[in-house]
Amino acid sequence: QVHLVESGGGLVQPGGSLRLSCVATGTIFNRDAVAWYRQAPGKEREWVAHIGGSGTTGYADSVLGRFIIAKDNAKNTVDLQMNDLKPEDTAVYYCHSVGYDSWGQGTQVTVSS
């Protein structure tokens, strides 16, 4: 059974940075494609970024150039470095194991002055 846990969310001012982390049990991330999604209040969940088993990455246009997704194979985590945060980045962020179709519980990110 695959279990994902996100961490690193919080309150940050516009222009600030946060680093989210997704740790997995029951799977090895370096073999798995993993994605980050987010869901803002009243909106549908949307894809943010993904990283494939080979390390290839993709980003939504809204975060391209500001967010970086990376795997830490030693820790079996997938991290999302978020820079130059904007109020519209406010959402609950979720980690998703593509191969196992498993989701974490989410971590809240709030960007506000």
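How many bridges join β9 and β11, and in which sense do the two strands pair? The strands β9 and β11 pair over three bridges in the antiparallel sense, where pairing requires that DSSP finds at least two bridges between two strands. Strands here are DSSP runs of E with at least two residues, and helices are runs of H or I with at least four residues, each numbered from the N terminus. The model is a predicted one, in which local features need pLDDT of at least 70 and side-chain atom pairs count only at pLDDT 80 or more, whereas totals for chains, interfaces and linings use all residues. Residues are numbered from 1 along each chain as its sequence is written, and side-chain values use heavy atoms, with hydrogens and water left out.

Strand β9 has several partners. With β4, strand β9 pairs in the antiparallel sense over six bridges, and Q39 has V92 in β9 as its bridge partner. Two bridges join β9 to β10, and these strands also run antiparallel; in this pairing H96 stands opposite W103 in β10. The hairpin of β9 and β10 has four residues between the strands, and D101 takes a positive phi near 50° there. Strand β9 is largely enclosed by the rest of the structure, because six of its seven residues are buried, with buried defined as under 20% relative accessible area, exposed as over 50% and partly exposed as in between (1.4 Å probe, protein chains only).

Strand β4 is also paired with β5, in the antiparallel sense and over five bridges, and A35 has H50 in β5 as its bridge partner. The two strands form a hairpin with six residues between them, and G42 in the turn has a positive phi of about 75°. Elsewhere, β1 and β3 pair over five bridges in the antiparallel sense, with H3 opposite T25 in β3. Strand β1, residues 3–7, has a covered face made of L4 and E6 and an uncovered face made of H3, V5 and S7.

The largest nonpolar core comprises 28 residues, of which W36, L80, M82 and Y93 touch the most other members. Such a core is a set of buried Ala, Val, Leu, Ile, Met, Phe, Trp, Tyr and Cys residues joined through side-chain atoms within 4.5 Å. At least two residues of this core are supplied by each of β3 (18–25), β4 (34–39), β5 (46–51), β7 (67–72), β8 (77–82), β9 (91–97) and β11 (107–111), and the largest share, four residues, comes from β3.

Two residues illustrate contrasting surroundings. V48 is placed in strand β5 and counts as buried, because its relative accessibility is 0%. When residues up to four places away in sequence are not counted, V48 touches W36, Y37, R38, G58, Y59, A60, V63, F67, L80 and Y93, a contact being defined by heavy atoms within 4.5 Å. V48 and A35 lie 13 residues apart in sequence, and their C-alpha atoms are 7.4 Å apart in space. Q105, in contrast, is in the loop between β10 (102–103) and β11 and counts as partly exposed, because its relative accessibility is 48%. Q105 touches L4, V5, E6 and Y94, again without residues up to four places away in sequence. The C-alpha atoms of Q105 and L4 are separated by 7.7 Å, although the two residues are 101 residues apart along the chain.

A search of the whole structure finds one disulfide, defined as a pair of cysteine sulfur atoms within 2.5 Å. The disulfide is formed by C22 and C95, with their sulfur atoms 2.1 Å apart, and it links distant parts of the chain, since C22 is in strand β3 and C95 is in strand β9, 73 residues apart. The link of C22 and C95 is left-handed, with -80° about the S-S bond, and both C22 and C95 are buried.

R45 is placed over two aromatic rings. It lies over the face of Y94, at 3.7 Å from the ring centre, and its charged end sits over the ring of W103, 4.7 Å from the centre of that ring.

Note on methods: A charge sits over a ring if NZ of Lys or CZ of Arg is within 6 Å of the ring centre and within 35 degrees of the ring normal.
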